[in-house]
Amino acid sequence: MSLQYLMPEIENGLEILFTGKSAGQYWKTAFVLCDNYTELTTKLFLSTKTAGWTDLKPNGKFKSYHDILNDIAGSAPVAGNAATLAAVQALQLDLRARRDQRNDFFHSANLLKLNVHLLDTLKAFCGLLDYGNHLFGADWDTAINGRPSLCNLVLLVRVEHKALTADYTVQHKLEDIFRKWGRIKDKATVPTKGAYLTEFPEDVHRRMVIINGGPKLAAELQKLL
């Protein structure tokens, strides 16, 4: 497995999040998926960057999520760089808490009815992106930039997180970007023969903009960070 196979999965998770952003029906789904992607990122790093690493214990059983997080701190590429080690261990505090929260959803019937807030999911994805960057460095950014839609989704999740935690005016600027993108101003110009006009709901319109926005959308989102 390599980053080229992991990135489409992360892109799918972010698409799910923003496809159902308005009503919040997929916030928990995206949160759980993000936790899965974090585990995959950890195992990918260990299996490709740490000689002799295995996901099996001496007794032949698979290592737990917490075991593999511990293996990261002991791997030569991370342990040999004090700044990277400190950053990774700080992020892992949240990664461990998210795994416990995710497990509660499935192992406690009382918690099945509970959802997560949008901010929880945004923070989880920002944490995953930071984690991957610390582990893989420039290779991580290259893999993201090789997928235009993912590049825009990564910028969007960071802008949305900033709007909820640091600068509330960003949300209005973000809405303006999507509001102005790809709208037909004069419906009378649409041909009536052999064509019809449909208006997408906001989440679908947002998804179309992300998919087709390319570098132009990326440049607009970058200005908000």
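What pattern does the protein chain follow when read along the sequence? In this predicted model, the protein chain runs as α-α-α-α-α-α-α-α-α-α, with 10 helices and 0 strands. Buried residues account for 42% of the 225 residues in the protein chain, and of the contacts with a separation of 6 or more, 75% are between residues 24 or more positions apart. The points below take up a helix pair, the aromatic residues, the charges over rings, and a few individual positions.

**Helix 6 and helix 7**

- Helix 6, which covers residues 118–136, packs with helix 7, which covers residues 138–145, at an angle of about 125 degrees, and the axes of the two helices are 6 Å apart.
- On the side of helix 6 the contact is made by Leu128, Leu129, Gly132, Asn133 and Phe136, and on the side of helix 7 by Ala138, Asp139, Trp140, Asp141 and Ile144.
- By residue type, the contact of helix 6 with helix 7 comprises 6 nonpolar, 2 polar and 2 charged residues.

**Aromatic pairs**

- A search of the whole structure gives 2 aromatic pairs.
- In one of them, the ring centres of Phe45 and Phe136 are 5.6 Å apart and the ring planes stand at 90 degrees, so the pair counts as edge-to-face.
- Because Phe45 belongs to helix 2 (residues 27–49) and Phe136 to helix 6, this pair ties together parts of the chain that are 91 residues apart in sequence.
- Both Phe45 and Phe136 are buried.
- Phe136 also forms an aromatic pair with Trp140, and this pair is stacked, with 6.1 Å from centre to centre and 15 degrees between the planes.
- Phe136 has a relative accessible area of 9% and is therefore buried, while Trp140, at 1% relative accessibility, likewise counts as buried.
- Phe45, Phe136 and Trp140 together form one aromatic cluster.

**Charges over rings, and the surroundings of Asp35**

- Arg99 lies over the face of Tyr65, at a distance of 3.8 Å from the ring centre.
- Asp35, a residue of helix 2, is in contact with both Tyr65 and Arg99, and also with Leu95, Arg98 and Arg102, when its neighbours within four places in sequence are left aside.
- Asp35 has a relative accessibility of 4% and so counts as buried.
- Elsewhere, the charged end of Arg206 sits over the ring of Phe178, at 4.6 Å from the centre of that ring.

- Leu91 is found in helix 5 (residues 82–107), and at 16% relative accessibility Leu91 counts as buried.
- Apart from its neighbours within four places in sequence, Leu91 is in contact with Gly127, Asp130, Tyr131 and His134.
- Leu91 and His134, although 43 residues apart in sequence, have a C-alpha to C-alpha distance of 9.9 Å.

**Positions in helix 1**

- Gln4 has its place in helix 1 (residues 3–19), and with a relative accessible area of 57% Gln4 is exposed.
- Between the C-alpha atoms of Asn12 and Ala30, which are 18 residues apart along the chain, the separation is 9.2 Å.

Notes:
Residues are numbered from 1 along each chain as its sequence is written. This is a predicted model: local features need pLDDT of at least 70, side-chain atom pairs count only at pLDDT 80 or more; totals for chains, interfaces and linings use all residues. Side-chain values use heavy atoms; hydrogens and water are left out. Axes are lines fitted to C-alpha atoms, for helices over the stretch in contact, and angles run from 0 to 180 degrees between N-to-C directions. Helices (H or I, at least four residues) and strands (E, at least two) are DSSP runs, numbered from the N terminus. Contact means heavy atoms within 4.5 Å. Ala, Val, Leu, Ile, Met, Phe, Trp, Tyr, Cys and Pro count as nonpolar, Asp, Glu, Lys and Arg as charged, and the others, Gly among them, as polar. Rings of Phe, Tyr and Trp (its six-membered ring) pair if their centres lie within 6.5 Å; planes under 30 degrees apart count as stacked, over 60 as edge-to-face and the rest as tilted. Buried means under 20% relative accessible area, exposed over 50%, partly exposed in between (1.4 Å probe, protein chains only). A charge sits over a ring if NZ of Lys or CZ of Arg is within 6 Å of the ring centre and within 35 degrees of the ring normal.
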